[in-house]
Every structure is written in structure tokens, then in C-alpha cells.
Amino acid sequence: MEKTCTEVWKNCLQIIKDNIPNQSFKTWFEPITALKLEGKVLTIQVPSLFFYEWLEEHYVGLLRKTVKKQLGEDGRLEYNIVVDKSSNSGNPYTTNMPSNGNGAEAKIQSMPIPVSINKDIKNPFIIPGLKKLNVDPQLNSNYTFENYIEGDCNRLARSAGYAVAAKPGGTSFNPLMIYGGVGLGKTHLAQAIGNEIKRSMPDKLVIYVSCEKFCQQFVDSLKNNTINDFVNFYQAMDVIIMDDVHNFAGKEKTQDIFFHIFNHLHQSGKQVILTSDKAPKDLAGLEERLLSRFKWGLSADLQIPDLETRIAILRKKMYADGIELPGEVVEYVAHNIDNNVRELEGAMVSLLAQATLNKKEIDLNLAKQMLKNFIKNTSKEISMEYIQKLVCEYFEVPVDMVKSQTRKREIVQARQISMYLSKSHTKSSLKTIGAFFGGRDHSTVIYACQTVEDLIDTDKKFKAYVHDIQKKLKMS
């Protein structure tokens, strides 16, 4: 029985999902739909021209291999690109477009323009003289892409931000909403986009404004009867960076004015960048029509940085400040402050200040003493009994079986992870750990730890298991 286009594409997606990060898969492949399968040619539809260009630039090799695996060596891929979904008038037409080398063709689906635009028609939205204003973008010059450390926690948001900075208003990321918890770098990334645009396109009018500041300006314009000047100013911008849009909650009139400014900018091909502490779907107190517009582009989250990223952030700050710290101090700070980049940098500043003012050498003891102000709960001593209990509960295996001589796979796995975590989270010697887990010798513990480390590097599921258990240990 011949496969349908949906079945072929579903099989392709299963292969693709195993070869790229989950967030990248959700962003670049979940929005794609399979349109048709004619012989050995699979046609898929992508939401925009930028989407097509990104796939061809970053995933062309993977797509080519995947399609050929499903359809044979003669298998080919064609794109159908939706250019304008906002209009439903007129008949769509298609035109062919050369690919970047995978034998694919892109069909652009568009809508005909109802009138012929020529140079003699004046744009009624341009305010004479405003384009010549020297507008201060209100950007912090230290917030750049160069100073923004990339990691798994922010890779999608940073990549999208870079794409927007290269082509403001010309990508499908409009608006670009960056959301995440306090101190994770939302403002830094948003302003880095603005700084990059001003560097490469100095004629662009860029403005950064916090939501609170915008609300206050609106209230002042009402008092001074200058509301038209207020609206005209923001509508004249090429790029607006609005920080902390969750503060619009409950401010109905301000939401209404921003709604109209947003519409004008978006329809004019201008770029809107937003930051928030929550995803659009979780924002409360905002009008539905405004929320729906926040969802038009890309919403990219910033997550808590992992240990390696935190260490990289500290080393970057050390390099920028021209200082050196012992590696064990950097690792200690990064390990103990794990949920906030701002606190991480603050701890480093406090450590340097303490050392300078008191003329003390920065060592591990000083770091431990200083971090008492930053660490809310001092770590309690974690016992091997507790680790064993936690691991057994996680894998749903009997506690007494871990100390037995059984070689059942699930029991061996629980035993090895327990040994590995006991070595990492307790002060027990290898001999003590081996004796605790059924009278085994220290070489068994070494082998168990090496096995776990190898599996963490090669097995995604296993790595997730260990990561989950470590999180539970931290919360205990």
C-alpha cells in the first residue's frame, strides 16, 4: 500500500526529532504541514519565506538525507511558502524559486496587490521632519551579543534575536517576545538586538522603553493634552523594544493606545521586541486582542543556565574586569548560585569588594563566608541512605534489592546511579560507598561512576534521569 504525504512526513519528523534539540524541533518543524506526495516528490508548506531560508541554511543536509531515506535516492522535497496570510481576497498564485542545493523547489503562495503603487503616491503615515530627529535609543552600550553568553538555556532566543538584528521587521519573528524569570537576561538580550541594529544600520530609529515608563509617559501626555505627539513619536520608530509587558496588566487605556501603536508598526513592517516574566498564554490582566498580537511572532523562553553556562558567565565577567580567580572559587560560586544570573554576577562583585577593602586573598574559605548572604538555605549533609531511597523511589525498585547481588538491568542501573551520586554529594570514601552498597570494593564504585558518566554523555534519556534525581536532591 502506498504511503500518503502525511505518513511520509511523520516518519521524517521522527528521524529529525532524534537529531536536533527539542526546542529547535518545536520552533522549526512542528509548524510545517505536508501538502502532497507525487511520485518521489514530497511537498511541504512552511509559514514564511524566512522559515524556508532558515531551513535551507541550517537543516538542508538533514532534510535531504531524511527524505531520501523515506522515498529512495530519487526522493525530492518541494516547499510551498505562504507569504501573506492576512488577506483573503483575490486568487493566490505561485512562482518557482531556486533552492540552496537539495534539489528542492519553493513555491511562494502570495496575494495580488489590489492597486498599483508608484512613487507619486505620498505615504499619509509619514510625519514630516520626524525621520530627521536624533532619537536617543535609551540603550545600555554594555548589553551586546558579544557580552551575552550562549548556552542551552538561551540558544533559541539568542538565535532569533540575531536574526531580527540582521533584518528588523523582515522576519517572521515579529513581534519577538523574550520571556523568563527574574535575572535571566531578558533585558540584556533585548537591548543587544537594539545595539546591533544601531551598529549596522545607524539610520534606523530604535527606542528602548520599560512598560512602566511607557505608562507614565502616556499619563503625562493625557495631562498635557499631547497624546497625538506621544502616539506619533512611537509610530515613527523603526524598532520598539518594550521591557516587562506584564506590567500592562489592569491598565486598559494604556493597553488600548499600545494596541494601536503596535498595529501601525506591524503593518508598516517595523520591528517590535517584547520582554515578559511569563509566556503570552500565562499573562493575566491583558486584553485578548493584545495577547493575540503578542503571539503572532515567536515567543522564546530563557531558562535557568546550567553549571557550565554559569561558569562561562563568571569567566566572561572576570575577563572583562581584568581579574583572575582560582578555578575552585569560580566553580563554588557557580555551583551554589544556580537560578539567577544577576545574583551570580552580584556575588562576584561582592567577593571582589570584600577582598579589596579588607585586603584579603580570594580563596575558597572567603567565597564560602561571602556566599552566606546569597544562599538562602545552607546545604544539609546528604546521606547515602537518603540517596539510595530517592533513586529507588524514582525507578520504583525495592531498596533492599540495590544492596543485593542481582544483575537485573533496572537494579544495576539504580545501584550505579546511587554510587555515582554518593560520590558527588557525600564526603564518603570509595571504600565506604562500596561497603554500604552490599559490601562491594572501591573498584566497583569507580566502574559504576565511569559507566554513569559515559551514559550521561551518550544517552539522552539516561542523562535526563540523572538530572531529575539531582534536582530532587537539591530541593531536599
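1. Starting with surface: the protein exposes about 26600 Å², and carbon and sulfur atoms supply 50% of that. Bear in mind that this is a predicted model, so every value here is computed from predicted coordinates. On the inside, buried residues account for 43% of the 476 residues.

2. On the overall make-up, you'll find 20 helices and ten strands. Take the contacts between residues at least 6 apart in sequence: 72% of them join residues at least 24 apart.

3. Now the cores. The largest nonpolar core has 51 residues, and the members that touch the most other members are W9, F29, L55, L63, Y79 and I193. Where does this core lie? Domain 1 (5-81) and domain 2 (145-301) both contribute residues, so the core sits between them. There is also a second, separate core of 30 residues, with L205, V209, L274 and F294 among them. As background, nonpolar side chains tend to be buried together in soluble globular proteins.

4. Next, have a look at the open sheet of five strands. Its order is β7-β8-β9-β6-β10, and the pairing is parallel. Which strands are at the edges? Those are β7 (206-210) and β10 (298-302), each of which pairs on one side only. From one strand to the next, the twist averages 15°.

5. Zooming in on one pair in that sheet: β6 (residues 176-180) and β9 (residues 271-276) run parallel and are joined over four bridges.

6. Helix α5 (residues 155-166), for its part, lies across β6, β9 and β10, and runs at about 135° to β10.

7. One side chain to check by eye is Q235, which is found in helix α8 (residues 227-235). Is Q235 buried or exposed? Its relative accessibility is 18%, and buried means under 20%, so Q235 counts as buried. Which residues does Q235 touch, leaving out those up to four places away in sequence? The list is H260, I261, H264, L265 and K270.

Notes. Residues are numbered from 1 along each chain as its sequence is written. This is a predicted model: local features need pLDDT of at least 70, side-chain atom pairs count only at pLDDT 80 or more; totals for chains, interfaces and linings use all residues. Side-chain values use heavy atoms; hydrogens and water are left out. A nonpolar core is a set of buried Ala, Val, Leu, Ile, Met, Phe, Trp, Tyr and Cys residues joined through side-chain atoms within 4.5 Å. Buried means under 20% relative accessible area, exposed over 50%, partly exposed in between (1.4 Å probe, protein chains only). Domain bounds come from an automatic or database domain assignment. Helices (H or I, at least four residues) and strands (E, at least two) are DSSP runs, numbered from the N terminus. Contact means heavy atoms within 4.5 Å. Accessible areas come from the Shrake-Rupley method with a 1.4 Å probe; for residues, only the protein chains shown count as cover. Two strands pair if DSSP finds at least two bridges between them. Axes are lines fitted to C-alpha atoms, for helices over the stretch in contact, and angles run from 0 to 180 degrees between N-to-C directions.
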